[in-house]
Amino acid sequence: MTVLETSGPPPARTVPASPPVGEVPIQYGLAGLTVILVAAPLAPILLQGFSDKPLYDEGSLTFANFGKMASYPGFWQMALNTVLFGILATAIAQVVGTLAAILIGRTDLPLRRLLGEVFLWPLYVSSLILAFAWATIYGPSGYATQMVTLATGGQPWDLYTIWGMSLVAGISLAPVSFIYGQAAAATTDPTFEEAARIAGAGRLRTLFLVTLPLMKPALFFSSILIFTASLEILSIPLVFGTPSGVKVFSTFLYERIGNAAIPDYGVAATAALVLICVIVGLIALQNRVLGSTRKYVTIGGKSVRPRPFALGAFRWPVFILVAGYVLLAVGLPLGVLVLRGFVTFLHPMAPLADVLTLQNFRVLAEFPSYARSIWNSLFIAGVGGALATVFITCIAIVVHRSEFRFARPLLYIALMPRAIPGLIAGIGFFYAVAMIPGLAPLRSTVWILMIAFTMAAIPVGYGAIAPMLLKIGPELDQAARVQGASWWRAVTRVILPLLRPAIVACFALLFINFFKEYSTAVFLYAPGSEVIGTTLLQFWTQGHLGYVAALSTVQITLIACCVALARTAFGVKIYG
Amino acid sequence: MAELIIEHLVKRFGAFTALKDFSLHVRDGEFVSFLGPSGCGKSTTLAAIAGLDRPSEGRIRIGSRDFYDGARNVFLPPEARGCGLVFQSYALWPHMTVEANLTFPLSLRRIRKTEQRRRIAEALDLVEMGAYAKRYPHELSGGQQQRVALARTLVYNPEILLLDEPLSNLDAKLRDRARIWLAELRDKLRMTTIYVTHDQVEALSLSDRIVVMDRGEIAQVGTPQEIYESPNSAFVADFIGTTSFLTGIAEGQGTSLRLGLADGQKIGLPTTARVVAGEPATLALRPNQLLSDAEGPGTRLTARVTSQAYVGGRWQASLDLGGNHLRIETEQRLEGDAIVVRIPDGVGAVFRASPAPVTPVLQAGTV
């Protein structure tokens, strides 16, 4: 055996020859870009909120907008509606989601995997599509409504109330509660439950005295999350609230700027600021809950497979209950929506064979602006999703794997979009493009949509990347550094390859997010940069229900393909 | 190959000082161990040498190159230092084969492909892992991973080799074998090496010199023999091996120093002991300096047996000698509740005052 330094030529260099790629410019550049991206929509809203004239005019600073907003006719009713809507939606989502998490995740329910899959569908399709689906089947002239009316002779229910709105929002948000509940249940030590059983507690008692209390932190955490999300939803209040005049913050904003004859920018910006402040408060509360219970509710903890509760004699009755919910709340509405796309007219009395048509799809294909909205959506999802993934991955790495001085502040800024609803981000970017001279060419292009979507998606993408990044031992990149690799090379050669599954998952998540996003686009799109969501809204307001259904069908199909592809090709589960 | 000079190194984490005024001169080719309990600052020092952590004050040099100089605000990033570091967890890149792991540092140095192959084969042969070049780290056992980690470090001829508890993740049997193997490798390579460990056996058997550290400070620097035989404090004596402490009052002068125990018995102290008559003093004894056979020269003392336990082939007895707790191993179970122990003349290390409360070092059997 030879000894290293006595054989062969003398060591050439002890220190690598390659000049290090400058880590400082990369890190500062990235941080600067993040600040610009987050500030772009926020700064104009802040300015506008305190300005007495539209931003394009020379205004002066004022607090008058707050008073003006408060004295708006119906403002306080709207504020009350918003709170009520949020509380009701959260309550419904939590009851349904938690129950499903326990029944699907913890018992021997038949077909529980399939039921769990369908339960999550509202997350994949946007709340916009779920709203249309519910309106198509349970709305005043909906298929099921008509059927019941024919049978009983009276209108059985009215979804166009705050209760109906809350119900649909609750169902669309129940998957969030489901995911958090399941994660909490999966990381709970099953011996707690076994101990209760051995101590003599029955199944139900164990459930209520041990399982549910252990899920409490997760429940509280997801409650705040769901409440926040309900404040941001535009589609459901728009579809179910507007016809009967029930307004919430999001529809108020939408109408003040989007549809009013003379948009009152000052008041709209003020309302947006109020909403942001409320959400910031809720997030602060959420962080306190998180800090006081466990560092991460969803991550960490050993993933034990607890023994499922045996339902015994209740197995099939409970199955019927759960399957009934999944079918009535998710499966049938989406099915009827798709069906509506293939008919001219949908009514219980009209035989299907007489009304079948492909006309709706033909219109989509023939009108350039309709077809374009599909291509634009795909382009934004594909290209924008990829760019955003690169950007967010870099942020996560600089925050967690560099000696960057401002790593902490960078993380705070990067997570700030959590507090900015998509609708408001859209308004903000709309102002920014109008205000900043050099940005005019961006207006009415898909690029401004891509930028806005990226800004809004930083926290979501970060959530997909960071857990895995934190699991990669720091000594792996330290080893590369000691051996002579620059920071950038250690990142590209060691961290990025190990992070690949998380990067793929992040891309899949952002692809779907961007593909279904509509609220951010509402104020930003222009002829030429339509996306599916904005075209859907346009069809809906014009009353083209067939086109709505057909375009929804296209979106649902493409999302289903994408989810299936992500799952089979990359093994990525996008949610849960 | 170079000498390593550390001057007045300080590392603070907020208000906490992890390393206080650490100075050390490691000669070219010397094998130096940093030994101490967890939190003593040994890993902090290693990280400062490797450049993974920026110290607060002081200076680190290799030969004429400044790695760090607090006064002049010089700090070389780790990649510019040319150190070799073997991590406790080995840090083999899981997405690369053994060969690719070894290629990485070579390609950074723009070494020709043929030369790369030759060096990799040589390094793997050196650690007897030549047959495993195409494997992935997860396909190797812990001991094999440890060897690959070493090969990956040696393959680019670092100026200085840093080993961070490289044996601590191995099981006891494998650790003994790896230690012997590491000693052979050390003799072959003769590289300037810093070896961080909390295991006194590793430090004693491998090192040219040992730096015993305690709470961010150097407790003692010396050859293994010096450290073992003349520890300068009760902490060092306790940390370096199973030691019995006898505390009493020093008596006599010059060549007739004695230690008077609380129960009136007296022990002759080595003449080198620097104690003042009438003041408390502590005698630290190695297991081989406290004998259960009453025959032979030395001081005979009577101790009370407080408990006995069978530890496999031998008996371990706990004794009380003038209020001092001692432990002794015997071939047979002791009969009766008292035993005569013998301390050969002039052995043991003597400290003034009583030993500081030290964390007990758990150790199976005698060294």
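## A paired strand and its sheet in chain B

In this predicted model, Glu251(B) has Arg258(B) in strand 13 of chain B as its bridge partner. Strand 12 (residues 244–251) of chain B and strand 13 (residues 258–260) of chain B pair in the antiparallel sense, over three bridges. Two strands count as paired if DSSP finds at least two bridges between them. Helices (H or I, at least four residues) and strands (E, at least two) are DSSP runs, numbered from the N terminus.

Both strands belong to an open sheet of five strands in chain B, with the order 14-13-12-15-20 and antiparallel pairing. Strand 14 (266–268) and strand 20 (349–352) of chain B stand at the edges with a single partner strand each, so one side of each has no neighbour in the sheet. From one strand to the next, the twist averages 40°. Strands of a sheet pair through backbone hydrogen bonds, either parallel or antiparallel.

## A hairpin in chain B

Strand 10 (residues 209–214) of chain B and strand 11 (residues 217–222) of chain B run antiparallel and are joined by five bridges. Asp214(B) stands opposite Glu217(B) in strand 11 of chain B. The two strands form a hairpin with two residues between them, and Arg215(B) in the turn has a positive phi of about 45°.

Two packed helices are described by the angle between their axes and the distance between the axes. Here, axes are lines fitted to C-alpha atoms, for helices over the stretch in contact, and angles run from 0 to 180 degrees between N-to-C directions.

Helix 4 (residues 142–154) of chain B packs with helix 5 (residues 172–189) of chain B at an angle of about 20°, with the axes 11 Å apart. That makes the two helices roughly parallel (angles under 35 degrees count as roughly parallel, over 145 as roughly antiparallel, 65 to 115 as roughly perpendicular and the rest as oblique). Residues of helix 4 of chain B, including Leu150(B) and Leu154(B), meet residues of helix 5 of chain B, among them Trp181(B) and Leu185(B); contact means heavy atoms within 4.5 Å. By class, this contact has eight nonpolar, two polar and one charged residues. Ala, Val, Leu, Ile, Met, Phe, Trp, Tyr, Cys and Pro count as nonpolar, Asp, Glu, Lys and Arg as charged, and the others, Gly among them, as polar.

## Helix packing in chain A

In chain A, the axes of helix 15 (residues 359–366) and helix 23 (residues 545–570) come within 9 Å and cross at roughly 75°. Helix 15 of chain A and helix 23 of chain A are therefore roughly perpendicular to each other.

## Confidence

The predictor gives the complex an ipTM of 0.78 and a pTM of 0.82. Chain B has a mean pLDDT (the predictor's confidence in each residue, from 0 to 100) of 87, and 95% of its residues reach 70 or more. Over residues 355–367 of chain B, pLDDT stays under 50.

Chain A averages a pLDDT of 84, with 90% of the residues scoring at least 70. Over residues 1–13 of chain A the pLDDT is below 50, and it is also below 50 over residues 293–303 of chain A.

## Reading notes

Residues are numbered from 1 along each chain as its sequence is written, and chains are lettered from A and ligands numbered from 1 in the order in which they are written. In this predicted model, local features need pLDDT of at least 70, side-chain atom pairs count only at pLDDT 80 or more, and totals for chains, interfaces and linings use all residues, while side-chain values use heavy atoms, with hydrogens and water left out.
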